[in-house]
Structure formats: C-alpha cells, structure tokens
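I opened my notebook to look up how this chain is packed inside. My entries follow in the order I made them.

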Amino acid sequence: MSASLVIMAAGLGSRYGGSKQVDGIGPHGEILMEYAVYDALQAGFNKVVFIIKPEMEAMMEQLCVAKLRRQTAGNGRAVQVAYAFQDFSSLPQFYTLPPERVKPFGTVHALLCAEDVVQEPFCVINADDYYGGGAYRTMYKALDRLPATGKAVMVGYHLKNTASLYGTVSRGVCEAAEGTLRSIRETKQIQLYADGSLRDLATGQALAPDTLVSMNFWGFSPSIFHAARTYFKAFLHSPAGADLKAECLLPVMVGDLLGRGALEVNVLPSYDRWFGMTYRQDRETVAEELRQLHAQGVYPGKLWN
C-alpha cells in the first residue's frame, strides 16, 4: 500500500520562543520531525509531505529533506518527498483577508494546502510532537483497511503524558466507547501541576490524568479534503473569519463531522510515550528522552546513512 505522512510544520511556535520545528535536539542534531519520518518509513509509509511556509523550503532541504531523498521505506519503495505551502494565497476567492492578519488559519487550512500532492491514504501529524514508532505501525495497518469515504482513524494519548509544567496546553479532549470516538472538545487552557493534577483553567474543571486526548495524529482517506474545504469555507463565512487570531482546527472539524453523523472515527491504541516541545523549558526533557531511546537501540547511532 502507498501511504503518505503529512507533517504540519508551518506553525509560528510563538510560545516556544523560536522555531521549535527545526531545533536540532537529537544526539546528532536531529530535529524532532526527523524521528517522525524515520518511524513512518520503518512502518511502511513511502511518501512524506511537508506543509511549510514558502520561505522555509531552502532551510528544510538543508536540514533533512536532502537526506530523505536517498532513503527507502520499510517496504522497499523509494521515498517520495513533496512540499505544500501554507500561506494566504490559497484562500478562497470570496474571502477578503483583513490587512492586519498575520497568524496562519490553523490546521484545517494547513491540510487543505496539501490536497494537490496527496492522492493516497495518509496520516497527518504535528511537526513538534514525538508519537513513537508503534503508533506509526498501528496507523499504517489501519490505513490499509480504511474505506474510501465515511471513516477515519486517530491515535489517542493520555492527558497526563501530554501536558507541560511550564504553561498551559491546548488539547482535543475526547470521549470514546468500544474503540470509537464519540466526541472531541478543543480545550485550550489545560495546566499540569507538580502534584500531577490537571485543570482546565477556562472552566476551573479538574481533569483526570488518563483522559483521552487527540494530539493531531489522524488517519484519513483523500475524501476528507472535500469535507475540510466545505468546513473551512463555513469558518471564513462565520464571525471567526474576521477575527485576526481565530484558527480553524482539525479536532473541531472532526467533532463537527461526528456530531452530524458524517464521519466515524476509530481510536487506535498506542503504547508508546508521547512527548513534545510546547515551551522552551521542555527542551531538556525531550533531549534526554531521545538520548535514552538511542542508547536503548530504539534508534541507530545516526538516523540516516
């Protein structure tokens, strides 16, 4: 099966205090998304699509893409690499961009920017998250069984493993039953405390540590682009379209499709540890996690030949 890994890497990374997507954090200067690519190729994915800002292309070639073009996937196929550019030129013609708008329009818009280069089942992820090799193997197998329309898959994680002591995080809080996603609610101010407790600061509600959350690890067939296009147009027509900071987010879109009965989402188990860099202070912890994974033989001394 041919399958793509679509990496959303055009985010501003403002809370992190720099371009966290291209921070060389591995033992040999590997950037975090290189581990995603490595794990995906080992699992059988044979195409990688980077969603970036246009001005990032030369930097991406130097950092990792030139190396990827020499690799083969776990199934023996040559690796294909493509770029998709997230900028305001791809907005629908009916929409007038507010001149003060500088913030990207979010993950639904990012996904739509990749439509022209993705014709096969695909997994879409954040560039700044580590999901674990097992998650990609599970996702690849699920994509092989995914029908052309009406269904999607996601890998879920426990909230306690995805929050930061250094500030709030935004997560898609999920409810699932018998392996099927029932609802997802974007929760934007989740705080982890030193005693392990978690709270939604917007509502004051305590959250259980094992609450299931989405980390934008989705598996779709190409039919999702039609639904995403329709949803994004409705977003731009709504009051949010005039909001200079509003974002059109994948978890919110999926929740809307679930509520209307337009999509069924299977929740895939993951036994890997998630980690990521939301804040600059997370860097040391992530670097140590990666060092240990190399030392344990999960990854070779260097990821690429």
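**Entry: one residue's surroundings.** I started with Ile7. Leaving aside neighbours within four places in sequence, I found Ile7 in contact with Met33, Val37, Val48, Val49, Phe50, Ile51, Ile125 and Ala127. Contact means heavy atoms within 4.5 Å.

**Entry: ground rules.** I noted that this is a predicted model, where local features need pLDDT of at least 70, side-chain atom pairs count only at pLDDT 80 or more, and totals for chains, interfaces and linings use all residues. Residues are numbered from 1 along each chain as its sequence is written, and side-chain values use heavy atoms, with hydrogens and water left out.

**Entry: the cores.** Which residues touch the most other members of the largest nonpolar core? They are Ile7, Phe45, Phe50 and Phe217, in a core of 63 residues. Helix 1 (residues 32-43) gives the most to this core, with nine residues. I also logged a second, separate core of 42 residues, which includes Met8, Leu236, Cys248 and Val254. A nonpolar core is a set of buried Ala, Val, Leu, Ile, Met, Phe, Trp, Tyr and Cys residues joined through side-chain atoms within 4.5 Å. Buried means under 20% relative accessible area (1.4 Å probe, protein chains only). Helices are DSSP runs (H or I, at least four residues), numbered from the N terminus.

**Entry: two helices.** I looked up helix 5 (residues 224-237) and helix 6 (residues 250-259). They pack at about 100°, and their axes are 11 Å apart. So helix 5 is roughly perpendicular to helix 6, a label for angles of 65 to 115 degrees. Axes are lines fitted to C-alpha atoms over the stretch in contact, with angles from 0 to 180 degrees between N-to-C directions. From helix 5, Ile224, Ala227, Ala228 and Tyr231 meet Val252, Met253, Asp256 and Leu257 of helix 6. I sorted the residues of this contact: seven nonpolar, no polar and one charged.

**Entry: Pro251.** Pro251 is found in helix 6. With 7% relative accessibility, Pro251 counts as buried. Apart from neighbours within four places in sequence, Pro251 is in contact with Thr107, Ile184, Glu186, Asn216 and Trp218.

**Entry: cysteines.** How many disulfides are there? I counted zero, taking a disulfide as a pair of cysteine sulfur atoms within 2.5 Å. Cys113 is buried, at 15% relative accessible area. Cys123 is in no disulfide either, as the nearest cysteine sulfur, that of Cys174, is 15 Å away. Cys123 is buried, at 0%.

Terms used
Buried < 20%, exposed > 50% of the residue type's maximum accessible area, 1.4 Å probe, protein only. Parallel < 35°, antiparallel > 145°, perpendicular 65-115°, else oblique. Nonpolar A, V, L, I, M, F, W, Y, C, P; charged D, E, K, R; others polar.
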